[in-house]
Amino acid sequence: MGSGIAVTPLIPRPVRPATNGANYDGVARNVDATARRRELRQRLADQRRALPPSARIAAAQGLRRSLEQLPEYLTDTRVAGYWASHGELPLNLAIAPLAGRGQQFLLPVIGAGKHLRFAPWQAGDDVQPNRYGIPEPAAPTELLEPFQLDLVFVPLLGFDRRGNRLGHGGGYYDRSFAFLNEQVRPTEPLLVGVGYAFQELPQVEEEAWDVPLDFIATERELIDCHPEANA
Ligand SMILES: Nc1nc2c(c(=O)[nH]1)N(C=O)[C@@H](CNc1ccc(C(=O)N[C@@H](CCC(=O)O)C(=O)O)cc1)CN2
Ligand SMILES: Nc1ncnc2c1ncn2[C@@H]1O[C@H](COP(=O)(O)OP(=O)(O)OP(=O)(O)O)[C@@H](O)[C@H]1O
């Protein structure tokens, strides 16, 4: 599809052992991990909501500068993002230049089975709230499957530098992009997590179903989660 710059393929990540083992210890470890994730999500969500408007506006501008370091942001044809809610880092300044460059922007639409599809959206198009109160295109002319996208800005609550992500806990992105775990990464679509720098964690515990991010863009920097590719 429309990716401008070729990226060096990597060896696929080894399949991680499932954490939901059938024995008692496996189950207990899993319950602990779930409780830890819930606590961490709450703390990060509270912290994000408490950010003053000035920090949000400055971050939206910093994010655009970070994304300009990514060739795919400047050239890819189909670019999916999100409508910032719950204090998420606003994408509006990063999205604005896309139309002028002939790039299509799309928003996620929640479907059956917690799978996302993506609808083209441009400024002025009608939106309606989904079940979480997040706006979705109201009358999409087409709905694209995740594999049809070139670049995806993925919302997150927490991240680490290896590309592990903590989301809202719905598992929407992991389910929708699970097919990438069978492919040599990075490939298309390229997954770029977007969040505030303060959302960085030393390590996000990996779960068997997680789909790692290729890059993470914050208001401060663009993080390449496959640094060995450039070594
Ligand atoms: N802006 C935006 N759009 C998005 C996502 C997102 O994270 N951000 N999604 C990412 O997947 C999908 C929607 N998934 C979501 C999953 C949970 C919650 C949410 O508010 N969860 C509550 C708990 C609600 C409950 O338990 O039912 C919370 O976090 O407080 C929101 C969106 C698709 N669209
Ligand atoms: N590929 C998958 N197949 C089946 N279930 C899945 C898959 N991916 C995630 N899940 C389920 O979804 C639940 C939530 O996953 P997780 O905590 O990783 O969500 P998240 O990445 O934080 O959420 P979101 O992507 O919506 O922001 C998990 O408990 C898991 O059972």
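Which helix is Pro53 found in? Let's start there and work our way through the fold. Keep in mind that what you're looking at is a predicted model.

Pro53 is found in helix α2.

Now step back and take in the whole chain. The protein chain has five helices and eleven strands. Of its 231 residues, 31% are buried. Take the contacts between residues at least 6 apart in sequence: 71% of them join residues that are at least 24 apart.

Let's stay with α2 for a bit. Helix α2 covers residues 53–67, and it packs against helix α4, residues 92–100. The two axes are 7 Å apart, and the helices meet at an angle of about 50°. That angle is why α2 counts as oblique to α4. Which residues of α2 meet α4? On the α2 side they are Ala60, Gln61, Leu63, Arg64 and Leu67, and on the α4 side they are Asn92, Leu93 and Ala94. Sort the residues of this contact by type and you get five nonpolar, two polar and one charged.

On to the sheet. Seven strands form an open sheet, and reading across it the order is β3-β2-β1-β6-β9-β10-β11, with mixed pairing. The edges are β3 (116–120) and β11 (222–224), each of which pairs on one side only. Neighbouring strands of the sheet are turned against each other by 25° on average, ignoring direction. As background, strands of a sheet pair through backbone hydrogen bonds, either parallel or antiparallel.

Strand β2, residues 104–110, pairs with β3 in the antiparallel sense, over five bridges. If you want a spot to look at, find Ile110, which stands opposite Leu116 in β3.

Next, look at β1, which spans residues 78–80 and pairs with β6 in the parallel sense over two bridges. Here Ala80 has Val152 in β6 as its bridge partner. Val152 also has a bridge partner in β9, namely Leu191.

How many residues of β6 are buried? Five of the five are, so β6 is largely enclosed by the rest of the structure. In a regular strand, the side chains alternate between the two faces of the sheet. You can follow this along β6: Leu151, Phe153 and Pro155 point one way, while Val152 and Val154 point the other way, and all are buried.

Five of its five residues are buried, so β9 is largely enclosed by the rest of the structure. Leu190, Val192 and Val194 point one way from β9, with Leu191 and Gly193 pointing the other way. Moving on across the sheet, three bridges join β9 to β10 (residues 215–217), and the two run parallel. One pair to look for is Gly193 with its bridge partner Ile216 in β10.

Last stop: the ligands. Which residues are closest to ligand 1? They are Tyr82, Tyr132, His168, Gly170 and Tyr172, out of 16 residues that surround ligand 1. The elements giving two or more residues to this shell are β2 and α5 (172–176). By type, the shell around ligand 1 has eleven nonpolar residues, four polar and one charged.

Ligand 2 is surrounded by 14 residues, and the closest are Gly167, Gly170, Gly171, Asp174 and Trp209. Helix α5 turns up again, giving the most to this shell with four residues. The shell around ligand 2 divides into five nonpolar, five polar and four charged residues.

Terms used. Residues are numbered from 1 along each chain as its sequence is written. Chains are lettered from A and ligands numbered from 1 in the order in which they are written. This is a predicted model: local features need pLDDT of at least 70, side-chain atom pairs count only at pLDDT 80 or more; totals for chains, interfaces and linings use all residues. Two strands pair if DSSP finds at least two bridges between them. Axes are lines fitted to C-alpha atoms, for helices over the stretch in contact, and angles run from 0 to 180 degrees between N-to-C directions. A residue is near a molecule or strand if its C-beta atom, placed from the backbone, lies within 6 Å of it. Ala, Val, Leu, Ile, Met, Phe, Trp, Tyr, Cys and Pro count as nonpolar, Asp, Glu, Lys and Arg as charged, and the others, Gly among them, as polar. Angles under 35 degrees count as roughly parallel, over 145 as roughly antiparallel, 65 to 115 as roughly perpendicular and the rest as oblique. Two residues are in contact if their C-beta atoms, placed from the backbone, lie within 7 Å. A residue is buried if 20 or more other C-beta atoms lie within 10 Å of its own, exposed if 12 or fewer, and partly exposed in between; C-beta atoms are placed from the backbone.
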